[in-house]
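Here's a quick tour of one model, starting with how its strands pair and ending at the ligand. Have the structure open as you read.

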Amino acid sequence: MASSLARRLGAPVTAVGSAHVSAAQPSKTPLVPPDDAVAPVRHPEAPAPGELLGSHYAQCFGCGGEQPHGLHLEARAGEGVNVTAEFTVRTAHQGAPGLAHGGVLATALDETLGSLGWLMHVIAVTGRLETEFVAPVPVDTVLHLDARVTGVHGRKIYCSATGRIGGPEGPVAVRADAVFIEVKVEHFLDNGRNEEIQAAMSDPDQVRRARAFEVNP
Ligand SMILES: CCCCCCCCCCCCCC(=O)SCCNC(=O)CCNC(=O)[C@H](O)C(C)(C)COP(=O)(O)OP(=O)(O)OC[C@H]1O[C@@H](n2cnc3c(N)ncnc32)[C@H](O)[C@@H]1OP(=O)(O)O
């Protein structure tokens, strides 16, 4: 069997049982903006600095108020194309005893990054998300999240986030770099389950939130 180094270098590997498996990976969009990326533009009607953004969807696992198992993350607009958010780690979020699950922390980072769309009035979904877990995060910790857009290239939105413990200036426990891809509302209408789409579109609050992204539902 090929070594893990050979696999990382993209050499062909032969699986047990002699079936030939190519290790070639599809090329990935880098996580840093290209040289010809442009600076993000804060929309003139973006929420004022310090304003709570609210949930984009009441059933969202990251920010939805009607999602009993969710993270209930609350993000606030920053002065630029950046947001801050707080997430309290609950017992339901454990991986190891007394410690937050890494996937939950990645979700908190993803949700915070996703909320940056409010400031540019675009809808965007996660294309790539790379996380780094710097320190364990105990239950009852308040994670202080900070996310910002670092560049825009076509539909690609490059962004980064950190999660600090002990306060907004505390040590970094988690961080992420990501590329979000701008989509139209059809992305959700075409791919979402009809039941939830219909319910969302018949909710005046949801329609109002969609309009905040300059989307005509
Ligand atoms: C009702 C609505 C209410 C409001 C809802 C708010 C929702 C907010 C939710 C927030 C919740 C929290 C957040 C969540 O959890 S969002 C949920 C998790 N994410 C997803 O489900 C996304 C799944 N993926 C897709 O749907 C498609 O692959 C997308 C739409 C992303 C692209 O497919 P599409 O066919 O459209 O793209 P294209 O081929 O024309 O490529 C266009 C450009 O993009 C580049 N590229 C493509 N893919 C990737 C990639 N994976 N990484 C990096 N780059 C990628 C590509 O190279 C090209 O670049 P260039 O060649 O131009 O340089």
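## Strand pairing

Strand 6 and strand 7 (residues 156-165) run antiparallel to each other, with 10 bridges between them. Bear in mind that this is a predicted model. The hairpin these two strands form has 2 residues between the strands, and Gly 154 there takes a positive phi near 60°.

Strand 6 (residues 142-153) also pairs with strand 4 (residues 82-88), again antiparallel, through 7 bridges. To see how the pairings line up, look at Asp 146: Thr 162 in strand 7 is opposite Asp 146, and Thr 84 stands opposite Asp 146 too.

## Around the ligand

Now for the ligand. Its shell is made up of 18 residues, with Thr 29, Asp 110, Arg 155, Lys 156 and His 187 the closest. By type, the shell residues split into 8 nonpolar, 6 polar and 4 charged.

Thr 29 puts a polar side-chain atom 2.8 Å from a ligand nitrogen, while a side-chain N or O atom of Asp 110 sits 3.0 Å from a ligand oxygen. Gly 127 uses its backbone instead: an N or O atom there is 3.2 Å from a nitrogen of the ligand.

On its own, the ligand has 1,300 Å² of accessible area, and the protein covers 57% of that.

## Who supplies the shell

Strand 5 (123-133), strand 8 (172-183) and helix 4 (186-191) are the elements that each give two or more residues to the shell. Strand 5 contributes the largest share, with 5 residues.

Note on methods
Residues are numbered from 1 along each chain as its sequence is written. This is a predicted model: local features need pLDDT of at least 70, side-chain atom pairs count only at pLDDT 80 or more; totals for chains, interfaces and linings use all residues. Side-chain values use heavy atoms; hydrogens and water are left out. A residue is near a molecule or strand if one of its heavy atoms lies within 4 Å of it. A polar contact is a pair of N or O atoms within 3.5 Å; within protein, one must be able to donate a hydrogen and the other to accept it, and residues adjacent in sequence count only if both atoms are side-chain atoms. Accessible areas come from the Shrake-Rupley method with a 1.4 Å probe; for residues, only the protein chains shown count as cover. Helices (H or I, at least four residues) and strands (E, at least two) are DSSP runs, numbered from the N terminus. Ala, Val, Leu, Ile, Met, Phe, Trp, Tyr, Cys and Pro count as nonpolar, Asp, Glu, Lys and Arg as charged, and the others, Gly among them, as polar. Two strands pair if DSSP finds at least two bridges between them.
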